[in-house]
Amino acid sequence: MDSQKESDKNKTAASEKDQEDRCCSNTSNKNEAQEPSSQNHGDFSDPVYKEIAVANGTINRMNRDELRAKCAELKLDTRGVKDVLKKRLKNYYKKQKLMHLAAGANGDQYFDFICVVDFEATCEESNPPDYHHEIIEFPMVLIDTRSLEIVDSFQEYVKPEVNPQLSDFCVKLTGITQKLVDEAGSFHAVLKRAVSWLQEKELGTKYKYMFLTDGSWDMGKFLYTQCKLSGIRYPQFARKWINIRKSYGNFYKVARTQTKLICMLENLGMQYEGRPHCGLDDSRNIARIAIHMLKDGCQLRVNECLHSGEPRSVPISASFEGAPAPQNPKNRD
């Protein structure tokens, strides 16, 4: 949920939302370094890398109209700000030049599916330091990395136990009514059904998959806190994830201020679809960003994990190991 994710993901403050609405007009003006690099190929003396460097230099000198025209000529997406268009063209040429070297780069080494999660949780307009955020919406959106489409989704509301009465601020922010949570199941029951949904998709058994979030708070704060409150062991399948904000910033070489959800959408030439702060709609929009990044040549790699109850960075050199098969929730000892 975006209502409490502090400096990265804190939607509880109106000023933060206003800033988010204004921050999308320009991306960083840094010129991206020429990048004929691949972690799988250490020898850059091959002439193909010189060709890539020359192509990158040509692309760097193009203005936005020229970039859009070239994308149209190559039948690529023409939406997005200048830095996005440059990255799209560079990855297109790089992929073409390295096709014979990267013939299986996205095969068995990559994820078959990416599961986007964006929880909504209880909140106050001004959360006290000891406030316990309880998950009240559990949404998941499943991306097929081969078809590059959203193929399914899951959504259930959750009944909070520590603070069962939603604040007026929370209802207005999320659109989740008191009636919805009063009639919902416990977190333990909802998590069990979420696991069944993942198991039905054969994720972690037949198919390699990984979770993706918009920031660190969904897993590192909300899920971790909720499991403690519910007396449940933190699920092994959620211990690593892709933080799309980090992936987006590193891939498109933009400042951290340009990695808020609305900013990422607008810089890619898209608009938010649905109701902001609805967990399922947020998840779908995050999935749209992820799909665009995959189309632009980005390999969305695991970049965060939970360690001793805190989110930690994972080196970019980490392997494409998928999340383990989901197991039913277990009580804490």
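The model is predicted: local features need pLDDT of at least 70, side-chain atom pairs count only at pLDDT 80 or more, and totals for chains, interfaces and linings use all residues. Residues are numbered from 1 along each chain as its sequence is written, and side-chain values use heavy atoms, leaving out hydrogens and water.

Helices (H or I, at least four residues) and strands (E, at least two) are DSSP runs, numbered from the N terminus. Strands β3 (135-144) and β4 (residues 149-157) pair in the antiparallel sense over eight bridges. Two strands pair if DSSP finds at least two bridges between them. Four residues separate β3 from β4 in this hairpin, and L148 in the turn has a positive phi of about 55°. F138 stands opposite E156 in β4.

A cavity is a set of points, on a 1 Å grid over the protein atoms alone, where a 1.4 Å probe fits but cannot get out; lining residues have an atom within 4 Å of a point. Grid points are joined across faces, edges and corners, and a volume is the space filled by probe spheres set on the points. Three cavities of 30 Å³ or more are counted.

Next come two helices. α10 (residues 244-252) packs against α12 (residues 279-295) at an angle of about 35°, with axes 11 Å apart. Axes are lines fitted to C-alpha atoms, for helices over the stretch in contact, and angles run from 0 to 180 degrees between N-to-C directions. Their contact (heavy atoms within 4.5 Å) involves residues including Y248 and F251 of α10 and I289 and M293 of α12.

Last, L74 lies in the loop between α4 (64-73) and α5 (82-97). L74 touches L89, Y92 and Y93, not counting residues up to four places away in sequence.

Definitions and conventions: On a 1 Å grid over the protein atoms alone, a cavity is a set of points where a 1.4 Å probe fits but cannot get out, and a pocket is an open set with protein on both sides within 12 Å along at least five of seven lines; lining residues have an atom within 4 Å of a point.
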